[in-house]
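Here are a few notes to read with the model open beside you. Take the points one by one and find each place as you go.

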Amino acid sequence: MVTTDAPTAPAKKRKTGNRLRRSHEIRRSILPTTLLWVLAVLMAFPLLWFLLSSFKPGGELFSYPLSFLPREWTLSGYEDAFERVEFMRYLTNTFVVASVATILTVFLCASTGYALAKYKNPWLSVLGLCVLSMTMLPGEVILNPLFIVVRDLGMYNSLLGVIMPSILTPTGVFMFRQFFLTVPDELIDAARIDGASEYGIFLRIMVPLARPIMLTLAIVSFQWRWNDYILPLIILGDPDQYTLQIALRSLVGAQNINWSVLLSASVLSMIPLVALYLVFQKYVTSSNINAGLKD
Amino acid sequence: MSPRTLSPTSSARSAEEVGRRVRRRRFGRYRLAPFIFTLGTAVLFGLFFLWPGVLGLSYSLTDYRGWGEPEFVGLSNYTDLFGDSEFYQSLGRTFVYAAFAVPVGYCLALAMAVALTTQRARGKTPARIIFFVPWLVSPIVAGVIWRWMFGESFGFVNYIIRLLGGDAVPWASNADLSLFVAVLASAWGGAAFNMLLFIAAISNVPRSYYEAAELDGAGSWQRFRYITLPSIAPTSVLVILLSSLGAMKEFAMIQALNGGGPGTQNRLIVQYIYETGFERSLVGYASAASMVLLVILMVIAIVQLRISKRKNAW
């Protein structure tokens with residue numbers, strides 16, 4: 001930058017100009033950097049305080065003066081979470097629900113989005129409108145009837161009853177439809193001329209092409225299902241079938257909250273998602289996410 | 001919404017024109033494959049969406065209590081509902097909650113997005129990761145986290161207030177303060193998603209605008225006020241409407257934060273529907289309340305569709 005605007009200036013002068021500019025740059029970056037990090041501290045603090053509290057022994061949680069770092073580090077809360085609460089069972093249930101629902105969601109949304117983008121007939125037009133109408137009618141307004149339908153299908157109190165209603169998400173269908181619209185039709189026509197069947201085209205050409213979208217939807221969907229509260233709440237009545245969120249809610253809804261167990265159980269419930277996020281970070285924060293991604 | 005999201009549809013439109021000739025031929029030939037591709041979706045839509053939707057509408061006209069034969073009672077559920085002070089209280093509280101949660105969440109998300117897109121800020125990558133972590137936290141855990149921060153006799157906030165010489169603030173036993181904590185928690189939990197939308201919009205504003213403004217001597221506030229804000233107006237509308245939908249449906253986070261308390265003073269509308277339908281087992285009555293919520297949500301969604309003019313999506 002400096003060399004282009006003053007190519008003939010003496011070397012010494014150029015150097016001081018450079019230094020001046022740099023100190024100017026630093027001064028001008030102070031304000032935005034401060035704003036950024038004040039916000040980051042504000043966002044991180046509640047979580048950090050929560051995390052550090054979970055390592056404090058029960059007595060220290062409520063004894064003034066509070067200290068930011070535990071005076072005595074302990075894992076007793078975590079041990080209690082595994083012993084007193086059937087944490088492993090809830091974890092397994094949640095994992096089954098989230099992963100099965102996610103796999104089915106990704107494949108169903110991919111094939112539906114593909115059909116909506118690349119074929120045209122009356123059946124698909126009606127179906128497209130139906131999927132669009134789902135964005136306006138959220139699950140919260142059909143709680144009671146949904147419960148009755150699931151009960152009548154014999155899926156009350158089973159993990160299947162939590163998985164099945166949550167598979168179809170309009171967001172996922174839209175994501176794939178938008179993606180497949182950008183894939184040229186010539187690709188399909190060429191494959192047809194080579195004798196590929198419609199299913200072969202989808203499975204062997206389209207699915208590999210859509211891999212980034214599939215991964216994004218898979219992560220987002222796993223997060224939704226992991227954190228779901230209202231559907232498991234109405235479908236699962238038996239504590240053996242509880243998912244983590246329901247179990248946490250019953251801990252926090254108790255007359256006397258056992259904070260030590262609650263803190264560590266909450267922290268444990270977040271670990272799988274945080275790990276997933278750290279590995280696949282770029283797929284979540286990339287531009288693939290757009291308006292519809294709120295379910 | 002933003003040029004980036006428009007580009008695939010506009011290129012698709014030109015592809016559509018080319019494909020129209022082909023499609024006329026395709027119409028009759030490929031009927032089975034698209035049917036099979038969408039069969040699962042159609043079945044799930046019918047079972048878990050259409051059927052409950054129709055059931056809900058018809059239950060709202062009956063006195064169904066979850067067992068036995070529902071008896072048709074006409075519109076009496078609705079007339080009862082409009083005279084039910086508990087219903088009004090929940091609905092009113094939900095509107096108050098939305099009226100505060102939406103602007104607070106909007107400002108927080110926008111501030112985060114602006115801070116992350118400023119060229120001169122240092123350490124954007126770690127900050128981005130920090131900003132995004134609350135998105136992973138479930139509404140239940142978010143409620144627990146903020147309940148822990150704002151505990152009356154043991155919370156961090158009251159501890160600081162006392163250190164500074166103040167009196168402990170009744171965050172849990174005062175309804176308005178309790179709602180205030182809920183607003184903070186929802187802004188904290190929802191900011192990451194809206195931030196992504198804002199970042200996409202801000203990075204689509206041409207850099208030359210800022211450079212020209214800088215040459216003319218505009219300060220950073222002026223550049224934000226007169227360039228950034230007008231340029232991202234469509235995204236702002238979208239964020240406000242999506243957050244309003246989310247705020248109207250708030251349930252899980254408040255359940256963990258204060259359980260709708262103290263008493264029932266912070267019981268929002270979804271919690272009212274849940275308690276009426278499941279705990280008091282007044283299925284017909286709860287369905288009528290659901291229909292009222294549905295109308296409100298639909299109005300918001302239709303406004304969103306109208307304003308963002310995304311008709312080209314279908």
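1. First, a word you'll need: two residues count as being in contact if their C-beta atoms, placed from the backbone, lie within 7 Å. Keep in mind too that this is a predicted model. With that in hand, look at where the chains touch: the contact draws on 82 residues of chain A and 91 residues of chain B.

2. Stay on chain B's side of that contact. Which helix gives the most to it? That's helix α2 of chain B (residues 32-59), which puts in 19 residues. Sorted by class, the side of chain B that touches chain A has 66 nonpolar, 17 polar and 8 charged residues.

3. Now go inside chain A and find α9(A), residues 170-181, and α12(A), residues 211-227. Anything over 145 degrees counts as roughly antiparallel, so that is what α9(A) and α12(A) are to each other.

4. Who meets whom here? From α9(A) come Gly172(A), Met175(A), Phe176(A) and Phe179(A), and they meet Ile213(A), Leu217(A) and Ser221(A) of α12(A). Split by class, this contact has 5 nonpolar and 2 polar residues, and no charged ones.

5. Last, the annotation. An unreviewed UniProt entry marks "transmembrane region" at several stretches of chain A, including residues 159-180, 201-224 and 257-280. In the model, residues 201-224 of chain A are 96% helix and 0% strand, with end C-alpha atoms 30 Å apart. For residues 257-280 of chain A, the figures are 88% helix, 0% strand and 35 Å between the end C-alpha atoms.

Notes. Residues are numbered from 1 along each chain as its sequence is written. Chains are lettered from A and ligands numbered from 1 in the order in which they are written. This is a predicted model: local features need pLDDT of at least 70, side-chain atom pairs count only at pLDDT 80 or more; totals for chains, interfaces and linings use all residues. Axes are lines fitted to C-alpha atoms, for helices over the stretch in contact, and angles run from 0 to 180 degrees between N-to-C directions. Helices (H or I, at least four residues) and strands (E, at least two) are DSSP runs, numbered from the N terminus. Angles under 35 degrees count as roughly parallel, over 145 as roughly antiparallel, 65 to 115 as roughly perpendicular and the rest as oblique. Ala, Val, Leu, Ile, Met, Phe, Trp, Tyr, Cys and Pro count as nonpolar, Asp, Glu, Lys and Arg as charged, and the others, Gly among them, as polar. UniProt positions are given in the numbering used here, feature names are shortened, and annotations may be inferred rather than shown by experiment.
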